[in-house]
Amino acid sequence: MTSERQHEYELGHSERELRRLATQAALVDPMTRDYLRRAGLRAGMHVLDVGSGAGDVAFLAADIVGPTGLVIGSDRSAEALDAARARAAQRGLENVTFHQCDPATFTFDIAFDAAVGRYVLMFAPDPVEMLRGVARHLGPGGVMVFHEVDWTGAASFPSVPTYDNCFRCIVETFRRVGTNPNMGLQLHSTFVKAGLPAPSMAVSALAGGGSDSMSGIDLISDLAATMAPVMEQMGYASGSVVVGRYEVGAWSRRM
């Protein structure tokens, strides 16, 4: 890991990236929904979505908390939030709003029952401080839930060199720009260091042989295409079953 990020967010917020996020959401939303429900999200809760991007996790949370609940999405990117607001309007969601801010330092006028996030801490320069800042917004017994990736398990059996090299390039590029590709399995220590109770955790992964119309292969190939310019800038561009990265969920309650 570098001591300082080389890019604000190397994946950007282009139309292509928003399409990639839509593909990603279709594949991993069931995992995130499972983590949210197991963490205790339920109807009527007020939820803070950290790093909303195009809004996918906010929409999942909104579906769980229902019309009596509220979801406030937060992100520093105006471009991403414009897309999130448009999508919320298209869905007719009245229990979701979005704020352009850094949720770790912003002051909200309500206490939240839960704070959630997906693929956020891996990009944070200091994920422990970020969790501490977000935890300020939780009331007593409030739930903290994060879904992060860990590339430890990505592999192909028997080995497919193209696939294996693809995910290695992604991982090494992440490291070179200061993004943590192993955040998922570090969630436990991050929660504890942030002063939260040790979290419950779960691990899922996509696997397939490429015969599906959409599979974990899409996540790897789309991400590699998006990151190709950064790979080059960082100097790193260079019939089997494939297993994707680990999708790790962790949740805990504020004491």
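This is a predicted model: local features need pLDDT of at least 70, side-chain atom pairs count only at pLDDT 80 or more; totals for chains, interfaces and linings use all residues.

Visitor: Let's start with Glu-148. Where is it placed?

Guide: Glu-148 is in strand β5, which covers residues 138-150.

Visitor: Which side chain of opposite charge is nearest to Glu-148, and how far away is it?

Guide: That side chain belongs to Arg-118, and it is 9.0 Å away. Glu-148 is buried and has no salt bridge.

Visitor: Then what does the side chain of Glu-148 reach?

Guide: It reaches the backbone nitrogen of Leu-121 at 2.7 Å. A polar atom of the Glu-148 side chain also lies 2.9 Å from the backbone nitrogen of Val-120.

Visitor: And which residues does Glu-148 touch, leaving out those up to four places away in sequence?

Guide: Among them are Arg-118, Tyr-119, Val-120, Leu-121 and Met-122, and also Met-183, Leu-187 and Tyr-246.

Visitor: Tyr-119 is on that list. What is its phi near?

Guide: Phi of Tyr-119 is near 55°, a positive value in a residue other than glycine. Tyr-119 is in the loop between β4 and α4.

Visitor: Is Tyr-119 buried or exposed?

Guide: Tyr-119 has a relative accessible area of 11%, so it counts as buried.

Visitor: Back to Arg-118. With which residue does it form a salt bridge?

Guide: Arg-118 pairs with Asp-29, and their closest N and O atoms are 2.8 Å apart. This pair links distant parts of the chain, with Arg-118 in strand β4 and Asp-29 in helix α1, 89 residues apart. Both Arg-118 and Asp-29 are buried.

Visitor: How many salt bridges does the structure hold?

Guide: The structure holds eight salt bridges. One of them joins Arg-38 to Asp-34, with the closest N and O atoms 3.3 Å apart. Those two residues both lie in helix α1, four residues apart, which is about one turn of the helix.

Visitor: What accessibility do Arg-38 and Asp-34 have?

Guide: Arg-38 has a relative accessibility of 46% and counts as partly exposed. Asp-34 is also partly exposed, with a relative accessible area of 34%.

Visitor: Which residue forms a salt bridge with Arg-87?

Guide: The partner of Arg-87 is Asp-56, and the closest N and O atoms are 2.9 Å apart. Arg-87 lies in helix α3 and Asp-56 in helix α2, so the pair ties together parts that are 31 residues apart in sequence. Asp-56 is buried, with a relative accessible area of 10%.

Visitor: How many residues does helix α3 have, and which of its residues are buried?

Guide: Helix α3 has 14 residues and reaches 20 Å from its first C-alpha to its last, close to the 20 Å expected. Ala-80, Leu-81, Ala-83, Ala-84 and Ala-88 are buried in α3. They cover an arc of only 155° around the axis, so they are on the same side of α3.

Visitor: What do the buried residues of α3 pack against?

Guide: They pack against α1, α2, β2 and β3. The face of α3 turned away from its buried side carries the exposed residues Ala-89 and Gln-90. Just after α3, Gly-92 takes a positive phi of about 70°.

Visitor: One last topic. Is the peptide bond from Phe-157 to Pro-158 cis or trans?

Guide: That bond is cis, with omega near -10°. Pro-158 is found in the loop between β6 and α5.

Note on methods:
Residues are numbered from 1 along each chain as its sequence is written. Side-chain values use heavy atoms; hydrogens and water are left out. Buried means under 20% relative accessible area, exposed over 50%, partly exposed in between (1.4 Å probe, protein chains only). Lys and Arg count as positive and Asp and Glu as negative; His and the chain ends are not counted. A salt bridge is a side-chain nitrogen of Lys or Arg within 4 Å of a carboxyl oxygen of Asp or Glu. A polar contact is a pair of N or O atoms within 3.5 Å; within protein, one must be able to donate a hydrogen and the other to accept it, and residues adjacent in sequence count only if both atoms are side-chain atoms. Contact means heavy atoms within 4.5 Å. The expected span of a helix is 1.5 Å times one less than its number of residues. The arc is that of the directions from the helix axis to the C-beta atoms.
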